[in-house]
Amino acid sequence: MLVEEIMKTEVITLPPTATIQQALDLLNQHKIRHIPIIDKENHVIGIVSDRDVRDASPSIFESDAGSNNLQHEIQSIMSHPVITIHPLDFVEEIAKIFYDKEIACLPVVREGNRLVGMVTEKDMLYTMIQLTGTHVQGSHIEIKVPHRPGILPEVTAIFGKRKTNIVSVLVYPSKDDPDYKILVFRIQTMNPLPVLEDLRKAGYELLAPNQDVGRQL
Amino acid sequence: MSPCNAKYVFSTDLLHYHFHEDHPFNQKRVLLATELLKEAGTLAKNNIVPPRKATETEIKLFHDHAYVEAVKQASKCKLSEQAAVEYGLGTEDTPIFSGMHEASSYLVGGSLAAVDEVLSGRATHALNLGGGLHHGFKRKASGFCIYNDGAIAIRYIREAYNLRVLYVDTDAHHGDGVQWAFYDDPNVCTFSIHETGRYLFPGTGNVNERGIKEGHGYTFNLPIDAFTEDDSFLDAYTTALTKIAAFFKPDIIITQNGADAHCYDPLTHLCSTMKIYEQIPLLAHKLAHEYCNGKWIALGGGGYDMWRVVPRAWAQIWNVMYQGQPLSGELPAAWLEKYQKESPVHLPTHWEDDPSIVPIIPRREEITEKNNLALQQLLKYTVTPSRQT
């Protein structure tokens with residue numbers, strides 16, 4: 001999946017000469033947490049977060065709000081240079097940038113640092129939810145299989161034979177056994193019994209809580 | 001408690017909702033429960049009212065015109081495969097069968113008949129075991145459900161009588177169709193207790209699903225862990241529902257009484273016994289009298305051990321409605337004799353289950369602890385906050 005598929009293209013921005021007060025108003029008004037700072041050519045030259053702005057704001061415990069701090073230019077508190085990404089970057093890779101750099105927002109730029117969009121940590125999480133398929137109706141089955149070529153089509157053929165639609169597939173390593181993988185299927189059915197029975201007959205190991213399901217009679 | 005004036009919706013019109021022989025959803029359950037009650041002597045002819053056939057206008061109180069048209073086409077086996085997919089029809093879960101529109105209309109009409117009995121004042125409680133098809137969506141069939149009779153009945157109550165409705169769903173699957181139907185409505189409070197969506201269909205029903213817009217705060221979910229047993233189920237359920245009823249103060253209660261949380265049920269991983277199916281109607285009955293002048297409508301729902309579990313569980317709802325108490329002791333011999341011949345499994349002989357039918361659950365303490373955490377989370381929402389930012 002590419003960044004251009006998940007990025008927001010309508011981005012709230014400010015010029016470097018805007019006041020901190022303007023930034024504060026925008027953050028509150030749009031319920032956002034980051035504002036890229038751009039020059040006249042739409043180039044990203046900095047970024048401010050809600051925390052940067054709050055650090056510059058008077059405390060709610062101070063009765064004297066007459067301070068002029070909020071009239072300073074935003075460029076005095078913005079972070080730069082800015083870590084940016086490209087529309088053709090992979091979503092999986094930018095997840096690593098979020099994690100490694102401990103940041104929560106990435107402006108998307110094209111040639112010459114021109115701003116074309118933005119991806120936030122929240123967008124990223126939303127995408128992960130889509131990838132796992134947990135947002136659509138389905139039953140969830142976990143199967144432990146040997147880690148060898150061709151195993152996935154063998155297993156999925158069993159679902160295909162039952163005309164069971166697969167919503168999502170995840171493959172992750174078996175924690176205690178490097179020769180095995182855990183396949184996680186979300187399938188679009190309320191009655192997984194026939195598929196569970198077929199998988200069992202084909203010799204696959206079903207994980208809890210499905211290992212004994214449908215066997216009780 | 002003295003006997004209440006209750007009505008039981010039944011006619012053979014409820015039995016035509018039938019996908020095919022091997023499908024787990026089988027309306028013969030309604031017949032088995034009805035026969036059991038007749039043999040037990042708690043259901044007489046004058047308690048029974050027939051379902052009516054819901055009109056298309058009534059069905060469209062909840063469903064889209066285009067969807068109803070699609071079901072009608074499918075009913076005559078004239079719907080193209082491509083169109084069927086768009087409406088969730090013709091799947092393994094919800095296959096197309098001839099006459100499906102009419103059969104579904106009677107299930108809806110059964111629930112509407114139950115509403116009419118109670119709101120006309122002819123009865124205090126009413127039961128439609130043919131209803132409770134809680135997975136039906138506005139324009140999509142899903143999870144064995146075509147028309148969502150519960151959602152339609154609630155819309156009907158809202159439009160015709162303007163009462164505030166508490167919907168309580170004890171099916172082991174999350175009552176998603178009804179939840180989403182009233183997600184933004186502050187006059188309909190939905191509460192579903194179900195096995196967590198971690199493994200089980202439909203996967204939703206997290207405690208943090210709480211409604212949106214004006215309806216925020218009027219959706220409650222209590223997901224409980226796979227292998228939950230009676231005590232933990234009842235503790236969490238009783239506490240939650242008592243608090244929710246006190247918070248919402250409904251005018252009428254509608255319960256969806258799926259009977260698939262039993263340890264015999266093949267489709268779910270919960271591990272209860274008949275004990276919860278005695279307590280669930282008792283609590284609904286008590287709360288209905290406490291808050292709603294008794295107004296309580298109960299519907300059927302899921303339940304896939306149709307011989308050993310569903311007839312007893314559903315019969316007890318009626319017993320509680322009719323005489324204030326569930327029955328106990330031996331099941332009527334005539335019923336056992338008649339149906340043991342048909343049943344592929346050995347039928348239980350008593351209303352209660354022997355506790356030994358529950359397998360040993362090694363993680364019992366963890367499960368109880370997790371359920372209790374979910375309950376504590378839910379209870380936070382039954383208190384009106386002073387200020388939320």
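## Close-ups of a predicted two-chain model

**Figure 1. Chain A as a whole.** Chain A has seven helices and eight strands. Its radius of gyration is 25 Å, well over the 17 Å that the globule rule gives for 217 residues, so chain A is more spread out than a compact globule. Keep in mind that this is a predicted model. Taken along the principal axes, the box that holds the C-alpha atoms of chain A is roughly 75 × 45 × 30 Å. As for burial, 24% of the 217 residues in chain A count as buried. If you look at contacts in chain A between residues at least 6 apart in sequence, 62% of them join residues at least 24 apart.

**Figure 2. Where chain B meets chain A.** Here 19 residues of chain B are in contact with 18 residues of chain A. Sorted by class, the chain B side of this contact has twelve nonpolar, four polar and three charged residues.

**Figure 3. Helices H8 and H9 of chain B.** Now for a helix pair: H8(B) covers residues 230–248 and H9(B) covers residues 274–291. Their axes come within 11 Å and cross at roughly 10°. Angles under 35 degrees count as roughly parallel, and H8(B) and H9(B) are therefore roughly parallel to each other. On the H8(B) side, look for Asp230(B), Phe233(B), Leu234(B), Thr238(B), Leu241(B) and Ala245(B). They meet Lys275(B), Ile276(B), Gln279(B), Leu283(B), Leu287(B) and Tyr291(B) from H9(B). That contact has eight nonpolar, two polar and two charged residues.

**Figure 4. Helices H3 and H5 of chain B.** H3(B) and H5(B), the latter made of residues 100–119, pack at an angle of about 125° with their axes 7 Å apart. That makes H3(B) oblique to H5(B). H3(B) brings Val71(B), Lys72(B), Ala74(B) and Ser75(B) to the contact, where they meet Met100(B), His101(B), Glu102(B) and Ser104(B) of H5(B). By class, you get three nonpolar, three polar and two charged residues in this contact.

Figure 5. Leu79(B) sits in the loop between helix H3 (65–75) and helix H4 (81–86) of chain B. Leu79(B) has 21 other C-beta atoms within 10 Å, so it is buried; the cut-off for that is 20 or more. Leaving out residues up to four places away in sequence, Leu79(B) touches Ala70(B), Gln73(B), Ala74(B), Ala84(B), Leu89(B) and Ile96(B). One of these, Ala74(B), also turned up in the contact of H3(B) with H5(B). Tyr381(B), on the other hand, is 302 residues from Leu79(B) in sequence and 45 Å from it in space, C-alpha to C-alpha.

Terms used: Residues are numbered from 1 along each chain as its sequence is written. Chains are lettered from A and ligands numbered from 1 in the order in which they are written. This is a predicted model: local features need pLDDT of at least 70, side-chain atom pairs count only at pLDDT 80 or more; totals for chains, interfaces and linings use all residues. Helices (H or I, at least four residues) and strands (E, at least two) are DSSP runs, numbered from the N terminus. The radius of gyration is taken over C-alpha atoms; the globule rule is 2.2 Å times the number of residues to the power 0.38. A residue is buried if 20 or more other C-beta atoms lie within 10 Å of its own, exposed if 12 or fewer, and partly exposed in between; C-beta atoms are placed from the backbone. Two residues are in contact if their C-beta atoms, placed from the backbone, lie within 7 Å. Axes are lines fitted to C-alpha atoms, for helices over the stretch in contact, and angles run from 0 to 180 degrees between N-to-C directions. Angles under 35 degrees count as roughly parallel, over 145 as roughly antiparallel, 65 to 115 as roughly perpendicular and the rest as oblique. Ala, Val, Leu, Ile, Met, Phe, Trp, Tyr, Cys and Pro count as nonpolar, Asp, Glu, Lys and Arg as charged, and the others, Gly among them, as polar.
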